[in-house]
Amino acid sequence: MTPQPGALPPAPTQRRRATTEALLLLARPLLAISFALYRVEVRRNLYPRDAPVTQIEGVDPQGLLFAGDIAVAGHGVLSHGLTVAAQASYGIAAASDRGAQLTMISQTDLTMAQLAARTRYGADGVEIAFLMLGIPDVLLATRSEKWAADLRVVAERIRSESQFRAVRIVVSGIPPLSDFRAIRPAVRRIIDRQVERLNAVSQEVAASTPGMVFVPFPTWRLGDMYVNRLFSWKTLHEVWAEALAAAVAPR
């Protein structure tokens, strides 16, 4: 699997989004096959085997919640200290001169609907919640309205459970899935449009929801992602963590 450089495409128009969703209805069988292959593939891949990072020493620790699929699970790295969640938390702690208490919700095939269906998030006292979902939803062709409604439900329930008045919700952009897997050109185009569409919906929801921010998936220089000709998941986690930490850095 050879990643390719890319940037978040511009938000599609309503007409283009409607056209995309109509095409997705026809493409559901192909996406279903891709989803089945994805589930098998990610379960066989590398994940941390050590104890999760749940606390960063420091005064007045702030509660951080990370909910997501393979990124939160630590896909591709050997230690939990190298994951997006841990590295973003270290960055946030350093920038704020505070400690941190981490809560993680991770499942390789977690969807936004599944997260919205949860009754508890472990979000008591959480000040910042990071939502890093979307890959399964891309392959399941989740509709825009469903994604938006579930995103709002998740945000509201986290806020209610946290009881922290100024809790912030950070919605991460969906990674360019087709850059990381060998996919036929026709399916690649469908997946790229789906990623673009759901990212645009997240951006719209964030823009209309106080305390919520959308952070595009970071771009990268392709050469920087390779070590001895092998793709460096460690570097990808670092770049992604920097983008998330920067989004909540004190101004």
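In this predicted model, I128 stands opposite R168 of strand β5. This pair belongs to the parallel pairing between strand β4 (residues 126-132) and β5, which runs over four bridges. Strand β5 has a partner in strand β6 (residues 212-215) as well, again in the parallel sense and over four bridges. There, S172 is found opposite V215 of β6. With strands β4 and β6 as its partners, β5, spanning residues 168-172, is mostly covered, and four of its five residues are buried.

Setting aside neighbours within four places in sequence, L131 touches I169, V170, V171 and S172, and its other contacts are A67, L115, L151, V154 and I158. L131 is also among the residues with the most contacts inside the largest nonpolar core, together with L115 and I158. That core holds 42 residues, and helix α7 (residues 185-207) supplies its largest share, namely seven residues. In soluble globular proteins, nonpolar side chains tend to be buried together.

Stepping back to the whole chain, eight helices and eight strands are found. Of its 251 residues, 51% count as buried. Among contacts with a separation of 6 or more, 85% are between residues 24 or more positions apart. The accessible surface of the chain amounts to about 12,000 Å², with carbon and sulfur atoms accounting for 56% of that area.

Terms used: Residues are numbered from 1 along each chain as its sequence is written. This is a predicted model: local features need pLDDT of at least 70, side-chain atom pairs count only at pLDDT 80 or more; totals for chains, interfaces and linings use all residues. Side-chain values use heavy atoms; hydrogens and water are left out. Helices (H or I, at least four residues) and strands (E, at least two) are DSSP runs, numbered from the N terminus. Buried means under 20% relative accessible area, exposed over 50%, partly exposed in between (1.4 Å probe, protein chains only). Contact means heavy atoms within 4.5 Å. Accessible areas come from the Shrake-Rupley method with a 1.4 Å probe; for residues, only the protein chains shown count as cover. Two strands pair if DSSP finds at least two bridges between them. A nonpolar core is a set of buried Ala, Val, Leu, Ile, Met, Phe, Trp, Tyr and Cys residues joined through side-chain atoms within 4.5 Å.
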